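Good morning, colleagues. Please take a moment with the sequence and the model before I turn to its aromatic rings and then to the chain as a whole.

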Amino acid sequence: MSEEQRQQLIERIVLSKPVTVICAPPGFHKTRLAREAGQHIAKTTGLDLRWIDALEHAQNPNAAVEALLAVKPQVTVIDGNSACNGPALAQALERLAGNETNQRIILVLRQMRDLPLARLSVTIMPDIVDATALRLRQQWKSQFIKKQLRPNVRRRIHELAGDWPIALELLTRWASSTTSIPENWSDFDILRDSGLADFIVQEVLPLFSAEELAALSKASLLETPDLRFLASLGGERRDDRVLADISFRLKGVVNRDGDRITIQRALRVYLRGTLDMLDGRSPPEVLISLADHCSSEGKLGEATALARKAGRPERIRDYAESHGALGIWIAQGFSVVKDFVQNSSAEVIGSSAVLRMMECIVHMKAGRIRVAQKLFQDLAATVGPDDTRARDLEIVRVTLMVYGCSLERTGDLEMLRKMIAEQAEDPALGTFLATLSCILNSQRARFDRAFANLIDARTQAKKAASRYNLMFLNMHEAAIHLAQGELKQARTCVSEAHRRWKSEFPHDIGVETVIAALSAAVEFEAGQLTRARNSVRRSAYRMPDAEAWFDIYFAAYETMIRLNQAEHGLGATLIRVEDEAQKLRAQGLPRVADLLVAIGLCVAGENRFQGISVRTVAHWRVPEISPTMSWQEREVFTLAQAYELEQRGSTAQALHLLKAERENARELGLVRSCLRYLLAEFSLTVLVGRSRRSDAILREAILLGAQSGMRQIFSEFGSNPLADSMAALVEDTGFNEVESQFARTVFNRLRQRRTTGVSNLSARELEVLGLLQAGGSDKHLARQLNISEHGIRYHLKNIFKKLDVHDRLAAVAAGRKQGLIV
């Protein structure tokens, strides 16, 4: 343990009651702590220290009793009690508890039942320092391993050690003396070579009866053993009761959290490596028996892992056929579908249409759409219309369309509505189908229908106990709110999805990617650029090799492009757009690639309004708008086409296009799109000299901006004419208080951007602003300029105030646009 933790525990014992019990299983360094605490108490009180351990107990079983009953006050440390007179020791402690005495007593036990202390606990309630206080703190462990070991061995040692002090000590001592861990070595090999296996055999296993050891060994085979599942195994032994008792008796090596049981990683690895302890059956028989029971109880991820360990991958095919690909995905989540594929062999997958369907889903969710489509086509060629799997295959096709961003086919929504009606008695499938309908209706801006689907999907998900889909439904709702310009509601939905992910599915990186993409879009629209940038790093930077559907690609990539422009300039951003578009086309996502290119053209067009000219990629083209496109495509394609028309001198045609699409967007409730169309219209009307018309358009944009909270888009269009027109409207008496405040906020930002120049920033502030581009902490900046961190913070405060920004990223963006930095 760390020096800080050790000192805190010693201080706790020094200041505690006359009797302190240090109780933890072997390997928690109880004796070391007791010795140091006893020495400290003796030194500070002037009392003698008497140490009684197993050797003295063996020579004289009453040695501890005699020490406690000594007339002279002293500090007595009693370490272990295997050979002492336990009942007499308990009586001696009880006698002392009834008299005023200066005795300080520290008992070191492996488990509380080692001494009959029940009556003593009622009398004086001794201070108990248990394994929870003695376990390793994870932050200190990580720092210790990083300091002691080479990078190539840190991860395995960190995982094997858990929070068990003896495991960390033996493993780091062993790892520091070896150059590398052989690739073919298992964790069990490491336990044996490090000496940790010997410690387990000699110090830990003797604490368990044969019955307890058998129950522990069985539990060690499961990734997440829980008492309810163990109770379902039945039998005379009742492993659940055995393990519940062990978790109270030997907390530290076996722990309980509700119904969940956790075993120290090293002990678990050892037990898995010695399966012959179980009940006379061969390890494969035990594994398969347990795998079959896991399958019957719905623990399918566990079942596939056990079947693989037993060398019986064909059993995984049986589990897949029994539960169905969609049933597994809907009820248990994508990670379990992935377990089926990863734990199966290529031969087994090839022999099962259900496993091949799962393989298609895995590639689809990972963004490998081209591979997924090929698998789907091969599978579709073998499944006839009368096949029982034809329905599931059709649903996979629609899902592939959503994830693969293929254009919607005629009749897909009608087909889904029919399926939902037919599957009314199957809530798991019902929630999945309703979710697909919600996504498709949302992408087509049919928000009333999408919300109806959302309500239905939630109702069915609750019936099916599908927590995984309930989490995703929060994300789908957030996407709808974003389109409707409802940032507050969108943020609430994202927060709820994040809470569910963190508590129930923290290892699902795909879910984190989706949540981060939505969060990036919400924070960017609200002008929170630093938060948006952090979210983009966990979303767009993982794409296209990450889970996403069309809404998510759009949310992540649009935010990434705009932030990239602020940090690196327009030219570098357009190069990045082209690189990403090529990756997307290679993945089988040409539709997303077209969307990305159109966003790049929009950003270039907005910059032209501000007098910044840059060449776009020569082969970039904007697809024609069609009725089957999503609202995101209609928005960016319309804007890109309008900017292209303006550049060709067809401004009137561009204005006509924007007005027509704005009216359509208003009817559909697309507040976000309306706001962007209005700002584009404003810029174009200014170019043709229609000042009265441009003021009316800007007034409408302010109303929408105040209603939605979307203010960053005004900065993206931040030209001088926009600032001039805002000046005339900022005192408009026709605005309510919220609208006036919004108008003033936007105007102040635009005015500050236009008027702030080099003369307004000191030479030192310009230096600091220039260094901000490369990033770095206050300490790093201070070193570069040879000033204090306090000085850096002072300059940053002035820079933020003068540029009217609130964070470093926004300061860099403002500096670039004003020509303060290059």
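Predicted model: local features only at pLDDT ≥ 70, side-chain atom pairs only at ≥ 80, totals over all residues.

Tyr468, Phe472, Phe505 and Trp549 form a cluster, joined through ring pairs.

One of the aromatic pairs consists of tryptophan 164 and phenylalanine 199, whose rings are edge-to-face, with 6.1 Å from centre to centre and 70° between the planes. This pair connects distant parts of the chain, as its two members are 35 residues apart. Tryptophan 164 belongs to the loop between helix H9 (151-161) and helix H10 (165-176), while phenylalanine 199 is in helix H12 (residues 196-204).

Are these two residues buried or exposed? Tryptophan 164 has a relative accessible area of 0% and is therefore buried. Phenylalanine 199 has a relative accessible area of 17%; since the limit for a buried residue is under 20%, phenylalanine 199 counts as buried too.

A further pair is made by phenylalanine 714 and phenylalanine 742. Their ring centres lie 5.5 Å apart and their planes stand at 70°, so this pair is edge-to-face. Here again distant parts of the chain are linked: phenylalanine 714 lies in helix H40 (residues 712-716) and phenylalanine 742 in helix H42 (residues 737-755), 28 residues apart. Phenylalanine 714 and phenylalanine 742 are both buried.

Where does the charged end of arginine 35 sit? It is placed over the ring of tryptophan 51, at 4.1 Å from the ring centre. In the case of arginine 591, the charged end sits over the ring of phenylalanine 550, 4.5 Å from its centre.

Let me now turn to the whole chain. The protein contains 46 helices and seven strands. Along the principal axes, its C-alpha atoms fill a box of roughly 105 × 75 × 50 Å. Of the 822 residues, 55% are buried. Among contacts with a separation of 6 or more, 69% are between residues 24 or more positions apart.

Finally, the surface and the charges. The accessible surface amounts to about 35700 Å², and carbon and sulfur atoms contribute 49% of that surface. There are 108 positive and 99 negative side chains, and the centres of these two sets are 4 Å apart.

Thank you for your attention; I shall be glad to take questions.

Definitions and conventions:
Residues numbered from 1 in each chain as written. Heavy atoms only, no water. Helix = DSSP H or I, 4+ residues; strand = E, 2+ residues; numbered from the N terminus. Buried < 20%, exposed > 50% of the residue type's maximum accessible area, 1.4 Å probe, protein only. Contact = heavy atoms within 4.5 Å. Areas by Shrake-Rupley, 256 points an atom, 1.4 Å probe, with all protein chains shown as cover. Lys, Arg positive; Asp, Glu negative; His and termini not counted. Charge placed at Lys NZ, Arg CZ, Asp CG, Glu CD. Phe/Tyr/Trp six-rings, centres within 6.5 Å; stacked < 30°, edge-to-face > 60°. Lys NZ or Arg CZ within 6 Å of the ring centre and 35° of its normal.
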